[in-house]
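I opened my notebook to get to know a new structure.

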Amino acid sequence: MRYHSDKQYQSGTRKKNSSDHRARARMSTSFAEQMMRKVNEAKEFLECDANCKGFGVRIQRLFVDKLGGLKPQLQSRVQKLLKEQKYLQLKMLLQDIRTVDQKLAANMSVSTRELETIIKDNLIEEANKISHVVEEAWNARRLRELQEELSKLKQMRHELAAFPQIVPENLIKDISRKINDEIKEEGNSAQSCIFSCHSLSQAMDSIMQFGRHLIALGRICTHLRDSKMTAELEVTHALEKCCQKKWGVSFLNQLGMRLGQGKIGHPTTDDALIGRVLLSSFPQFEDVRTVIFNRETSAAQKDVAETLKEILSWEIGHGASRNKRSVPTAKLIEGWKQYEQKFDEYKERWIASELTRKTLAEHIIGTASKLRAQRCGMWSTEIKEKIPELLAGIFALYAIVRSGTAHASAEKPSNQFSASSADAEAEQVLPEEFLIKPHCIQVLTLLCLTGYGNQRDELENHLMQIRTGEGKSIALGGGAALLALLGFQVRCICYSKYLSQRDEKAFSTLFEELQLQGSGRERIVYSTITQYSEDLIGRKGDVRKLTLDLVADGNFSLQAMKPSTAEATLPAEKLQEEILLVDEVDVLCGSHFYGQTHNQVALLESPEVEDLLREIWKNRDEAMNTAALVQKVLESEQFEAVAKKFPDFADIVKSEAVKMCVDLKNHLKDHFLKSCPDYIFDGGKVGYKVLDGVVWDVVKGYRTAFAYLHEETKGRMLDKATLRKALSLQIPCGRFSYAKLGSPKVLGVSGTVTALSKHQWEVMRRFGITSYTVVPSVYGRNHFAFLNQGSAITISTDEDHAFDIFSQVSKKVDEDRAVIVFFRDVPQVKEFMESSYYSNMSNKNVLLPNLPDSDKDWMAKKAATAAQVTLAPRIFGRGVDFYSFDKKLEKAGGVHVIQTFFSEDKSEEVQIQGRTARQGKSGTYSLILADSEVKELGLDPLHLRNMPAERCYNALCSAREKKQACRSKDMEKTLEEANALDCESRSYFNALLEANCPLARDRLRKLYEQLGGGSNTNAYHFICCYDESGSMRGSPWEELKKAHGAFMQKLQRVLSAKVSIIQFAQDAHTVLQLGDVKQAMCLELTRDTGERTHKTWFEPALATALRLMRIGAQQDQRLTPVLVFMTDGSNGDGDCIQTMRDMRQEFPSLDFHAIIFRKEDSTVLRKMVGATGDGHFHVSVDGVKLVETFSHIASSLEYTGRG
């Protein structure tokens, strides 16, 4: 922390100003003489050797007395860290002891060797103790406990790798060998059960024994994460052996039914659960899963006429007003009956061999082709009347494609069981049960979505709400096939790449049968929203390649001017109209996309650029003095070589060289301030966490280049081609707004349509969506509990937040419940993991975006099992199926979900709630919110604690709505900027496509400058938080306005600067968002005089500032946030230390200035500054000093944003 009075704060390189001299001049002469006399007395005393020696002994004795208790203190500290599994801290202790001056320590009677031995002995004892527990757990086959203890041992081994003697390699190798031996033995035993079986009846005699071996392997798959793949491989080999037998399919069907019903294994153990997990995990049981799905949905389905009574439809007007729309019930019943009749007809004809897959596909294509020829842009009654028949054909073909082989096998007499079968446990499964049949809600959803029964002559944009976990992907797949057959180009878009790929895989064979995919026919494309934006741009040409051509030599490649996407190469007559089928459509209007841009950067590979980046990396020790490093780089021969190679763009090359230096500093700061880098390095590539996964083709400025060089320094970068590409010149060539996705038809499904806010509906209206329909659950009554259960909402102090989470988790686990805890983001998950409570949790998993998909799937399946705890960031609260197979869990009350933050959007909250009580099962949900979270909403935590749950929740929701109103204004401002960048980007792109080099150069420079790349200085985002509470009325406010004006006047010299202004009292509101300095200077600051200015709370202002920092970072990742926080008094909402730590954790380059106005000091502001590590604290006792303080802050900025 740096303390500055308004007289003291100035640049490090400047001389003391005159105010310091005046201050010294005012020092009294008598005081100065007194101080000098004492200095002379001390000097005379120490000039005597005897005095000096005695003084040294007395000083040393003071330290020795303190050091006498060091050993017991160290012992206690080590034991505490071991209990909390903080092995890295113990490693740092050991390393610190090794750096101590041993001679000096010995003079003070401290043996560093003895201290090191204490720590090592404790660690070795702990490792041996864990190893003993591991052995005992394995011998008793307590696999959950084994996983817990083995994880500790591996963590110790990894984090204490510098001290290999503490956890010898053989401790882990021995137990791993025993586990692998058992896996092999169980796999061989399973295969030997069926090796000599020549008939189904012989195999059935061994089915229970075979199943028990699979259960044994399944236990390892389920509980031992590191052995999962090996055990899965043995299960797969055993099941594949069955498939190779003539009787294999029927045998596996019988085995699968027994596993699903919990008939294999010991009834008092978790064998029934393991059996259901095996059933859900292996593709060899897909047909059995179909049988169970058909039985469950047919048993739950109500009469269609009764179901239709619960369907509601609404028209959305201006201001999100809702008007009820009539549901064509009679027509929908007619459509359902027609669908059911045709589906059964196609099925029966296929069973009777009157239809084959090919002939059915040809029939569907032919029917659709005739309708397509008649369409001519109209959505006529004739077309709509045929929709039930087409859907019946599509889903019948889907059933045959997916389950036809199983049906045919089940019909063979040799594979059927008679009543006199020797196996009394044989499950009688009718062949037709193997054919998957969509339930009525899925079919009715598609009828409503496509306008069946209404009188409109065009297909309208429309949304459907289906409960989470009830088959949206099947509805989307069937709908995509229907619309593509009728001549539309269909794009199925989703926020998640993982979910998008999963859903496409399920329907790809059907699409190929219908000639909608494969062999160059891409009439249906699944992708993320970002990939769709990329493909839209690619339909015109390759903007990156054209930019590289422009910069290199101005000779444009003809190939780069051609469409770069497969769908864009289709003949024009086949692209009459495009339809977007959107999964979780509310994401479109969320902050991740709406108002944001899809940023395109051209990576110019060149040996000269690589040399320049390597030269900058070589000088990384000078990175913190960015100004000096920039000067050195600009004078280097490597820079001269790059500038000479691209003479027409020497200005851009110079600007990029400066950015390289700034990004090097930020990269090193990230590593210094964070416990781990903000990137993931795997398989020779650098990736970044985006939503629920890791993206490997994202570039974060030159930080990515330095991340690669960092890994190369460690000896981990082996792929030279990847490294060369990473060490490229980065030329921004487009910012394309996600709000400008063209004007296709939009049909969407979501589980949260009714939770959309007023502003979100305004956004939907801009996409042309003005209506929605809600369908009921196919499983009947919902068994979800929130406000009608105990501990529905807990308001914790910040200090007790982790404890309250731990307490509720422990209570639910004691009840044999499964618990899934959702945190706001990954840093909050890791913060909880750092608490002492995390190590005291048993049976825990942490679901993170950077995990492999196989690990994510494993944790998702394991999450809904009794006494299991899963921690996850909020992104996994959407789209992940935590399906429960555990009947013991269901009896205990199902999965309990804890949300540890309050969602900004109601739709996100509904999605998180939807991770429990899925598919007709039971479940509960609760909120545990920290004080700071509540204060950010402008609410009093103490007041909320005394409210009943329902009133408390209503107060939270009301506060959320007010916040959303503010956020919507911010989003609209962001949208304006995004659309302006989009316009400039398209103008530049058009010049490239016209091969107009001079115009393209001019427009690239203009775009570059608009993106903040035109200056040779760092780019800054000043976030000014001004106190407007009652004490600021009158002259204090006028003095602030004058100081603000002086501040902005100075900032005009900072070319790349954005300014945001927040005014706060009890609430906070944004006055200016990411405006330029001129806008901020011309702005008339007006103080709010409402009732809510009587109190002063800092948290709402800090929360708003953090949100604006995030928006700034999304717009331009090079913006360095400079937070200027001014207040004239104390606050009523705590010390804000954690908030500042979190802010610094998220923005390591944050430059924080706290100003106390009209007072001599502020303890809270000092603590806030201290929490950031190197912030600045200023005292401005009057208006004149406030002007000086603001001016000094502005003047101190050079390349680094630091004084």
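**Entry 1: cysteines.** I looked for disulfides and found zero in this structure, which is a predicted model. I remind myself that a disulfide is a covalent bond between the sulfur atoms of two cysteines. C221 has a relative accessible area of 8%, so I note it as buried, the cut-off being under 20%. C1082 reaches 59%, so I list it as exposed, since that is over 50%.

**Entry 2: salt bridges.** Side chains of opposite charge can pair when their charged atoms come close. How many salt bridges did I get? The count came to 70. I picked out a few to visit.

**Entry 3: a pair within one helix.** I found K120 and E116 joined by a salt bridge, at 3.0 Å from N to O. Both sit in helix α7 (residues 112–139), and because they are four residues apart there, about one helical turn separates them. Are they buried or exposed? K120 is buried at 16% relative accessible area, and E116 is buried at 16% as well.

**Entry 4: a pair across the sequence.** Next I looked at R325 and E460, whose side chains form a salt bridge with an N to O distance of 3.1 Å. R325 belongs to strand β3 (residues 322–325), while E460 is in the loop between α21 (440–449) and β4 (462–465), so this pair ties together parts that are 135 residues apart in sequence. I noted R325 as buried, at 16% relative accessibility, and E460 as buried too, at 17%. I also saw that R325 and E460 are linked with E315 and R456 in a network of salt bridges.

**Entry 5: two helices.** My next stop was E712 and R614, a salt bridge whose closest N and O atoms are 2.8 Å apart. E712 lies in helix α30 (residues 703–713) and R614 in helix α26 (residues 607–618), so the pair ties together parts 98 residues apart in sequence. E712 is partly exposed at 22%, and R614 is partly exposed at 28%.

**Entry 6: charge on the surface.** I found a patch of negative charge on the surface, where D798, E799, D800 and D1135 gather. I traced D1135 to the loop between β25 (1119–1127) and α45 (1137–1146). With 31% relative accessible area, D1135 is partly exposed.

**Entry 7: a proline.** Last, I looked up P998 and found it in helix α41 (residues 997–1010). P998 is exposed, at 52% relative accessibility. Its C-alpha atom is 9.6 Å from that of L550, though P998 and L550 are 448 residues apart along the chain.

Definitions and conventions:
Residues are numbered from 1 along each chain as its sequence is written. This is a predicted model: local features need pLDDT of at least 70, side-chain atom pairs count only at pLDDT 80 or more; totals for chains, interfaces and linings use all residues. Side-chain values use heavy atoms; hydrogens and water are left out. Buried means under 20% relative accessible area, exposed over 50%, partly exposed in between (1.4 Å probe, protein chains only). Patches are made of residues with over 30% relative accessible area and no salt bridge: like charges are joined within 9 Å, nonpolar side chains (Val, Leu, Ile, Met, Phe, Trp, Tyr) within 5 Å. Accessible areas come from the Shrake-Rupley method with a 1.4 Å probe; for residues, only the protein chains shown count as cover. A salt bridge is a side-chain nitrogen of Lys or Arg within 4 Å of a carboxyl oxygen of Asp or Glu. Lys and Arg count as positive and Asp and Glu as negative; His and the chain ends are not counted. The place of a charge is taken as NZ of Lys, CZ of Arg, CG of Asp or CD of Glu. A disulfide is a pair of cysteine sulfur atoms within 2.5 Å.
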